Amino acid sequence: QVQLVESGGGLVQPGGSLILSCAASGFTLRYHDIGWFRQAPGKQREGVSCTTISDGRTFYADSVKGRFTISRDNAKNTVYLQMNNLKPEDTGVYYCARVAAIHYVGSAYYQTPYENEHWGQGTQVTVSS
């Protein structure tokens, strides 16, 4: 059974850092593109970052580019999100999911999760002074 368990969130001051982890089970991570998504209060879930298997490329939404770094440890079936220089607008619940597609509309980045993905409970990130 597919399971995704996110952890590492918390309360941090602006400019601070966090490392999120996503432990995957029920499937082999190395065979999937996987990404992080977030949902801010009152907003739709949005794609933040993705790491692909085909060529190891990484993708980021403009809002986090240069501040966030996605990585994966296939041996541990785990994906990470290093978040630096956090801003209040980064506040939200962060989820990981397998990614079915990525595309751009102009310069806007979008990533589409697997249909009927087994979403985890997410991990809350709050950036506030």
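This is a predicted model: local features need pLDDT of at least 70, side-chain atom pairs count only at pLDDT 80 or more; totals for chains, interfaces and linings use all residues.
I went looking for aromatic pairs across the whole structure and came away with 4.

Next I checked where the two residues come from. Phe-59 belongs to strand β6 (residues 58-60) and Tyr-109 to strand β10 (residues 108-113). The pair therefore ties together parts that are 50 residues apart in sequence.

Buried or exposed, I wondered, for Phe-59? Phe-59 comes out at 10% relative accessibility, which counts as buried. Tyr-109 is buried too, with a relative accessible area of 8%.

Then I turned to Tyr-95 and Trp-119. Here the centres are 5.9 Å apart and the planes are at 85°, so I logged the pair as edge-to-face. Tyr-95 is in strand β9 (residues 92-105), while Trp-119 is in the loop between β10 and β11 (123-127). That is another link between distant parts of the chain, 24 residues apart.

I looked up accessibility for these two as well. Tyr-95 is buried at 13% relative accessible area, whereas Trp-119 is partly exposed at 26%.

Which rings join up into a cluster? I found Phe-37, Tyr-95 and Trp-119 linked by ring pairs.

Last entry: Arg-45. I see Arg-45 over the face of Tyr-95, 5.4 Å from the ring centre. Arg-45 also lies over the face of Trp-119, at 3.6 Å from that ring centre.

Notes. Residues are numbered from 1 along each chain as its sequence is written. Side-chain values use heavy atoms; hydrogens and water are left out. Rings of Phe, Tyr and Trp (its six-membered ring) pair if their centres lie within 6.5 Å; planes under 30 degrees apart count as stacked, over 60 as edge-to-face and the rest as tilted. Helices (H or I, at least four residues) and strands (E, at least two) are DSSP runs, numbered from the N terminus. Buried means under 20% relative accessible area, exposed over 50%, partly exposed in between (1.4 Å probe, protein chains only). A charge sits over a ring if NZ of Lys or CZ of Arg is within 6 Å of the ring centre and within 35 degrees of the ring normal.
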